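Take a look at the model first, and then read on.

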Amino acid sequence: MSRLSALLVRETALAWGRGGGPLVTVGFYAGVATLLPLAIGPEPERLAAIAPGAAWVALALASLLSLDRLFERDYEDGALDLLTLSPTPLELTCFLKCLGQWLATGAPLALAAPIAAIALGAKPDLAPLIFACALLGGLAFAFTGGIGAALSLGARRGGLLTAVIVLPLFVPPVIFGGGALDAFASGLPWSSGLALLGAYAAMSVAIGPLAMAAACRNALS
Amino acid sequence: MRRRATLFKRLGDSVIEQLLLRGCAIRRGGRLLFEGVDLSLRRGEACALTGPNGSGKTSLLRAVAGLVRLEAGEVAFGDLDSAEARGEGLHFVGHADGLKSSRTAREELAFWTRWGGGTDGAVREAAEALDLVRLLDLEVRRLSAGQRRRLALSRLLAAPRALWLLDEPLSPLDARWREGFGVLMARHLESGGMILAAVHDPLPVAAKSLEIIG
């Protein structure tokens, strides 16, 4: 177990420092959330209607930020070679890398999401649901995002490629999470949206590492 | 000295008894680098892999480590299953050393030791053997090329494994450390280890030689 916990600690520390870490990610998130009312107009009713959705989309975009370096650095400096030379399956290694990414950026973003939504005019009683959606959604973003990061290994301008590969995979969680928030705000049953978001997160956690490991092996050979 | 002697006695459970290459060929980017490469390496033996730049020395080392696919031929590790041998039985030290420049030497050595299955005590011993103790608190980016290479090489000692795959291990080292690393290689061979090293200069230990002609 100590081998795996050492990897998780290292990956979280690296993700914490990558591209400025959670501070920059949350700063970017705040920036996007501030731009929206400037474009849409300051009327509180209009803003309140779009607040949960806007906070949610901004979250998806902010999750993309440090994703492209998830495998790229290890690939360039040879660490990925050494990570494969171990009894630990590469799939488990990829799982821990994404978990570290989520702990270092997904969790801080989940804390910031309710604040951003309320600042945009969402009702405060929406905050717990936004937090839950952001936590689950962040998990889905990190694990589907990892697939894009691994697939774009070795490509020039890999970051852009990662975004293009990953954004379609972000569609289902954005729909499910946005649906749950919208339903809650209009007093409709919302739990099915949250359940579907959870299901998508569980699926990406289960399938993502398999795809990432295959993409890494392909990039190395 | 006694401490160093203990350093070399512990090889893990998955000890590779023999490395055997039969008729190996590698193709990179549509070009056949080499074909028909054979090699047998038993415990206690070293082999210097020579050949001009671009002949495929690094690719052959990576193929032994399972990082590059062979076009033809096979790599066998005695009776050991190749996944087990690659996972627990060999070390690979290449040009890309896997060290993160933003982390301290201590953090990196401690992580890679754990990853290789070594203990905290082994970290200290390895750092002493390569005279890294006073450098451990520096960020990797502050190290010179030779110091950085010594840090990469210290992983070999921190987690004992039978087969060392080394890609030009000596090139950034000064004369003193070329000799010093030669002593460490000799001890590894004495304790039943194996070394396959791509080099341009002769290895500082008695070794077979395998020339790759591109």
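## A strand in the interior

Strand β7 (residues 194–198) of chain B is largely enclosed by the rest of the structure, because five of its five residues are buried. Here a residue is buried if 20 or more other C-beta atoms lie within 10 Å of its own, exposed if 12 or fewer, and partly exposed in between, with C-beta atoms placed from the backbone. Strands (E, at least two residues) and helices (H or I, at least four) are DSSP runs, numbered from the N terminus.

Both faces of β7(B) are covered. On one side sit B:Met194, B:Leu196 and B:Ala198, and on the other B:Ile195 and B:Ala197, all of them buried.

## About the model

This is a predicted model, in which local features need pLDDT of at least 70 and side-chain atom pairs count only at pLDDT 80 or more, while totals for chains, interfaces and linings use all residues. Residues are numbered from 1 along each chain as its sequence is written, and chains are lettered from A and ligands numbered from 1 in the order in which they are written.

## Neighbours of β7(B)

Which strands flank β7(B)? One is strand β3 (residues 46–50) of chain B, which runs parallel to β7(B) and is joined to it by four bridges; two strands pair if DSSP finds at least two bridges between them. Here B:Leu49 stands opposite B:Ala198.

Strand β6 (residues 163–167) of chain B also pairs with β7(B) in the parallel sense, over five bridges, and B:Leu166 has B:Ala197 as its bridge partner. With helix α7 (residues 175–190) of chain B, these two strands make a right-handed β-α-β unit: with the strands pointing away from the viewer, the path from the first strand over the helix to the second runs clockwise.

## The whole of chain B

Chain B holds seven helices and eight strands, and 45% of its 214 residues count as buried. Its C-alpha trace spans about 45 × 35 × 30 Å along the principal axes.

## The contact with chain A

The contact takes 21 residues from chain B and 18 residues from chain A, where two residues are in contact if their C-beta atoms, placed from the backbone, lie within 7 Å. On the side of chain B that touches chain A, α3 (82–89), β5 (90–93) and α4 (105–115) of chain B each supply at least two residues. The most comes from α4(B), with four residues.
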